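Here is a quick briefing for anyone opening this structure for the first time. Have a look at the sequence and the model, then work through the points by topic.

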Amino acid sequence: MSDNSQISEKPPLPHWFKVAAILALVWNLLGVMAFVGHIMMTPEMIAELPMAEQALYSSVPLWATIAFTIAVFAGALGSVALLMKKRICYHLFMVSLIAVIVQMYHSFFMSNSFEVYGAGGTVMPIMVIVIALLLVRFSAKGKDNNWFT
C-alpha cells in the first residue's frame, strides 16, 4: 500500500534571509520617506530650490507621481510580506519594479534631470532600479525554494 500523502519538508531558510529582509524593509521605508518628502513640498520650499530644480519639480506629470507612489508602497508592502515569509512578496516586488521602470522612464527620457543634476544625479535612480530587480530575484528564489507560505 502506497502512501500518497507524503509530507514535504520545507527547506530551511538561509541564515542571511532575515538580515536581507530587514535591509529590504529599511530601503523601502526610506523610499516611502522620500515620497512623503516629495509630496509635502510646499510652494515656499520649492521656491527655495535653484530655478532649474524648480522647473524640473513642477514639470513632473501626475502619472510619474502615481508610479512613484505605487513603487514605494508596493516595495514596502513586499518587504513586510518578505519578512513574514509570504509568497505574495514576489508579486508586490514585481508591481514595484514595473512602477520604478515607469517612473525612471520619465526621469531618464522625458525630463531634463540629467542636465539639472549631472551624471552624479543618475546614481540613485540606477541604484533604485538595481535594488528593485534584486528584490524581485530574491523573492523569486524564495518562491522557487518554498521558503514562503
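Contact here means heavy atoms within 4.5 Å. With that cut-off, and leaving aside its neighbours within four places in sequence, A76 is in contact with L25, N28 and V32. Keep in mind that this is a predicted model.

- Is A76 buried or exposed? Its relative accessible area is 10%, and the cut-off for buried is under 20%, so A76 counts as buried.
- Along the chain, A76 and L25 are 51 residues apart, yet their C-alpha atoms are separated by 6.1 Å.
- Which residues does S79 touch, once neighbours within four places in sequence are left aside? They are A24, L25, N28 and F93.
- The side chain of S79 also reaches the backbone oxygen of A24, at 3.2 Å.

- Helix 1 runs over residues 17-39, which makes 23 residues.
- The buried residues of helix 1 are F17, A21, A24, L25, N28, G31, V32 and F35.
- There is a general point to bear in mind when reading such a list: an α-helix has 3.6 residues a turn, so residues three or four places apart point the same way.
- What do the buried residues of helix 1 pack against? Their partners are helix 4, helix 5 (88-110) and helix 7 (123-144).

**Helix 7 and what covers it**

- Helix 7 has 22 residues, and from its first C-alpha to its last it reaches 31 Å. That is close to the 32 Å expected at 1.5 Å a residue.
- Its buried residues are P125, V128, A132, L135, V136, F138, S139, A140 and G142.
- The cover over these buried residues includes helix 1, helix 4 and helix 5.

**A nonpolar patch on the surface**

- Now for the outside: W63, I98, V102, Y105, F108, F109, M110, I126, V130 and L134 form a nonpolar patch on the surface. Together they have about 980 Å² of accessible area.
- Which elements give two or more residues to this patch? They are helix 5 and helix 7.
- Helix 5 gives the most, with 6 residues.
- F109, one of the patch residues, has its place in helix 5. At 62% relative accessibility, F109 counts as exposed, because the cut-off for that is over 50%.

**Q54 in helix 3**

- Helix 3 covers residues 51-58, and Q54 is part of it.
- Q54 is buried, with a relative accessible area of 17%.
- A polar atom of the Q54 side chain lies 2.7 Å from the backbone oxygen of L49.
- Leaving aside neighbours within four places in sequence, the contacts of Q54 are I46, A47 and L49.

- As a general rule, most residues other than glycine have a negative phi.
- K85 is not a glycine, but it has a positive phi of about 60 degrees.
- You'll find K85 in the loop between helix 4 and helix 5. It is partly exposed, with a relative accessible area of 32%.
- N146 is another residue other than glycine with a positive phi, near 55 degrees.
- Where is N146? Just after helix 7. At 40% relative accessibility, N146 counts as partly exposed.

- P12 lies in the segment before helix 1, and at 70% relative accessibility it counts as exposed.
- How many residues separate P12 and W147 in sequence? The answer is 135, while in space the two are 7.3 Å apart, C-alpha to C-alpha.

Key
Residues numbered from 1 in each chain as written. Predicted model: local features only at pLDDT ≥ 70, side-chain atom pairs only at ≥ 80, totals over all residues. Heavy atoms only, no water. Polar contact = N/O pair within 3.5 Å; in protein donor to acceptor, adjacent residues only side chain to side chain. Helix = DSSP H or I, 4+ residues; strand = E, 2+ residues; numbered from the N terminus. Expected span 1.5 Å × (residues − 1). Buried < 20%, exposed > 50% of the residue type's maximum accessible area, 1.4 Å probe, protein only. Patch = residues over 30% accessible without salt bridge, like charges linked within 9 Å, V, L, I, M, F, W, Y side chains within 5 Å. Areas by Shrake-Rupley, 256 points an atom, 1.4 Å probe, with all protein chains shown as cover. Salt bridge = Lys/Arg side-chain N within 4 Å of Asp/Glu carboxyl O.
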